[in-house]
Amino acid sequence: MYFSFLDTPANNTRADPDTYECQILVSWPWREGFKGMQKPLDIPDANEERVRLMKELVDEWASPFHECVMHIPLDAEVKAIALEDFVPRQAMWDNRDGRMTLLGDAAHAMTMFRGEAYNHGVADISVLLSNLLTTVPSAPETSQPPLKQAIDSYAAEMIQRTAPAVLTSRRACLDAHQYDRITDQSPLVSQRVMIIEE
């Protein structure tokens, strides 16, 4: 389960301002055999059935997680999302001679099970900006590398840094749904370290 606040009484404009708005994500593996079912469990079309399914899935969960979901009203809006990722590889996209590139989720979408996507997006901006600033001459006679070289250098660093992170996040997602895999070696609970080489 993933839980986060979207707003608080201090920053909402609802009729009852003394309320909080939050999001709760309940996920499950899309595979045969989950919960003893013959086929993978699909997301229902009807909103009320989605809430009922969430409550069914958390039936044996511990407090306070069980109560968080069980108190969701049947008319609450439930959005369906598919957890997907994208492992970047060298030469997967054309940077148009340094005129475009990809950053953040566009370059390396990952599941939320390690909480690293935002951090890598910030690192992308830092590395890209650093590379681009070297293309702007400090004086007219300064010789600087071309824009394509700056973008190529950014992409090489980003791919080297994020491809393993995407795969580790994928493994953490899979481990979260197979409890016997959650050990101190599982990426779901292991230490997170981002290394940016300069």
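1. Of the 198 residues in this protein, 33% count as buried; please keep in mind while reading that the model is predicted. The accessible surface comes to about 13,100 Å², and carbon and sulfur atoms account for 54% of that area.

2. On overall shape, the radius of gyration of the protein is 22 Å, whereas a compact globule of 198 residues would have one near 16 Å. The C-alpha trace, taken along its principal axes, spans about 70 × 45 × 35 Å.

3. As for secondary structure, the protein has 5 helices and 2 strands, and these follow one another along the sequence in the pattern β-β-α-α-α-α-α. Among contacts with a separation of 6 or more, 53% are between residues 24 or more positions apart.

4. Helix H5, which covers residues 147–176 and so has 30 residues by definition of its run, reaches 42 Å from its first C-alpha to its last, close to the 44 Å expected at 1.5 Å a residue.

5. Val127 has its place in helix H4, which comprises residues 117–133. Is Val127 buried or exposed? Val127 counts as buried because its relative accessibility is 11%, and the cut-off for buried is under 20%. The C-alpha atom of Val127 is separated by 20 Å from that of Gly115, the two residues being 12 apart along the chain.

Notes: Residues numbered from 1 in each chain as written. Predicted model: local features only at pLDDT ≥ 70, side-chain atom pairs only at ≥ 80, totals over all residues. Heavy atoms only, no water. Helix = DSSP H or I, 4+ residues; strand = E, 2+ residues; numbered from the N terminus. Buried < 20%, exposed > 50% of the residue type's maximum accessible area, 1.4 Å probe, protein only. Expected span 1.5 Å × (residues − 1). Rg over C-alpha atoms; globule rule 2.2 N^0.38 Å. Contact = heavy atoms within 4.5 Å. Areas by Shrake-Rupley, 256 points an atom, 1.4 Å probe, with all protein chains shown as cover.
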